[in-house]
Amino acid sequence: MTLTNTSVKELRVHIVGAGMGGMGCALALARQGFTNIHVWESAREIGEVGAGINITPNLSRILDSWGVLDIARSEAVALDGASVLNSVKDEVLTAVDFQYIQKEFGYPFYVVHRSALQKSLLEGAMSSGAVSLHLGKLVTGWDFDANRFQVKSRGTAKAATSSASPDEENSQWIEADLILAADGVKSKARTAMLERQGEVDEVEDTGQAAYRIIVKRSMINEDPDLVPFFTGSHSYRWIGERRHIIAYPIASHDLFNMSTAHPDRRFVEADSWTASGSKEEMLEMFSDFCPRVQKLLQLVPEGDVLEWKLRVHAPLSHWVDGNTALVGDACHPTLPHLAQGAAQAVEDAAVLGAVLGRIQSKDEIHRALLVYQNLRKSRADWAVLTAAANGKGLHLAKGSAQEARDLAFRTAKKEGGENPDKAIDQVTQRILYAHDCIKEAGEKYEELYRQIVETEQQ
Ligand SMILES: Cc1cc2nc3c(=O)[nH]c(=O)nc-3n(C[C@H](O)[C@H](O)[C@H](O)COP(=O)(O)OP(=O)(O)OC[C@H]3O[C@@H](n4cnc5c(N)ncnc54)[C@H](O)[C@@H]3O)c2cc1C
């Protein structure tokens, strides 16, 4: 079926998941003039869930081009630098001054509460008038051949007179022209897509878990040891064997966000972002960390310790099936050690906007999605592998490798350069932060599209 250019923009676009990837897609496509965009989200509301998240320059560049950067950074802290410290001695192993980041990449390194980033994407998408958000809708089934998926309403009362089962009654199939599955790290779309190729969807348990802790300024009783964490604009990473804590101020310096990586001793059941952990176990896990860290951890109210599993996935063989594509954590779940989870999900969305904005007919959707996969996959897979390797390097046990690393930390340049912590290594940052994914998509689209057509003809 060939449609006119006007009607291409009326194609039925359905997005699953209203996280960063999903809302990013909605906004990107609305900005390309698509008018019939639906987002299906299992949560009943878009709450202020989450904690600190990083807005690195590659993400700022996209938000800026969409006109929503100011919303995202309204309560942001622009980091002036980052330090890596020995967890026991509290001794600075390396300190990097981030002045070069703004100069070289055009934007500072922002840290925000996740809700601020989510708000920017949500407001941008909803203000377009082209996006309908369907909350409390769990996607339960996928039919890639027919371009449709099954949605179940969460918690809707079943009609007493009906003979249908509650599941049948609550369910509906949604027919689409284009489906973007941004259903996160536990993506069911990914499982279904891999299954069709006889592949098993194996999420790897890293054996690591993470606590997410937030300390409010009002809790610290102006303790002079802790005040600088709030008044400054600095990121701290305390490293020890198999464990580390990264911490920075967010929310206009009102909150100090701490997130850990540590051995998953109790095989944390939960892999959701809202599962609670035990304060006692957390204190024990970091009992050999320095007094400043101990003070911070002690301040966290018992019920506010959240713990979840850190999971990864080997690079997928493919992200696209028919007119459905995977987006964000669904296709490249990552460890947090490179600060790229949200940035890579939004890069996916931006590239999808750029390629789908160029199609002239519905028949071109599949090829445009293959162009997206071609543009994005190697970069996102590389970021995932680099984050995992970075975690390993940070968690070294005592020995020669650790000594060599610490020497490299000590000799690293303060004004930027090579650094063993890849999150603050200028070489890695150049690959990540200098990249303009929208520009690249524009430059390469025709060529990649032509190659796909040629492959089809062979
Ligand atoms: C509640 C929450 C809190 C988070 N907090 C932090 C944080 O503090 N710091 C941090 O660095 N990262 C956090 N993350 C992860 C971070 O947002 C993602 O790693 C990154 O932004 C990639 O985004 P994504 O859109 O691919 O995945 P996500 O942001 O995880 O979004 C996936 C969305 O899909 C929805 N979904 C999943 N399955 C279905 C289904 N079957 N039907 C319908 N909807 C479905 C989920 O509810 C979720 O809203 C959080 C994620 C979530 C969901």
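Ala, Val, Leu, Ile, Met, Phe, Trp, Tyr, Cys and Pro count here as nonpolar, Asp, Glu, Lys and Arg as charged, and the others, Gly among them, as polar. The model is predicted: local features need pLDDT of at least 70, side-chain atom pairs count only at pLDDT 80 or more, and totals for chains, interfaces and linings use all residues. Residues are numbered from 1 along each chain as its sequence is written.

**View 1. Shell around the ligand.** The shell comprises 16 nonpolar, 10 polar and 6 charged residues. Gly17, Gly19, Gly50, Gly184 and Gly328 come nearest among the 32 residues around the ligand (C-beta atom, placed from the backbone, within 6 Å of it). At least two shell residues each are supplied by helix H2 (20-31), strand S3 (52-55), strand S9 (137-143) and helix H12 (341-356) (DSSP runs numbered from the N terminus: helices, H or I, at least four residues; strands, E, at least two).

**View 2. Open sheet of 7 strands.** The strand order is S6-S5-S14-S15-S16-S13-S17, with mixed pairing (two strands pair if DSSP finds at least two bridges between them). Strand S6 (92-97) and strand S17 (306-313) are the edge strands, each pairing on one side only.

**View 3. Pairing of S14 with S15.** Strand S14 (residues 234-240) pairs with strand S15 (residues 243-250) in the antiparallel sense over 5 bridges. Gly240 has Arg243 in S15 as its bridge partner.

**View 4. Surroundings of Ala26.** Not counting residues up to four places away in sequence, Ala26 touches Ile15, Ile37, Val39, Ala125 and Val131 (contact: C-beta atoms, placed from the backbone, within 7 Å).

Methods: Two residues are in contact if their C-beta atoms, placed from the backbone, lie within 7 Å.
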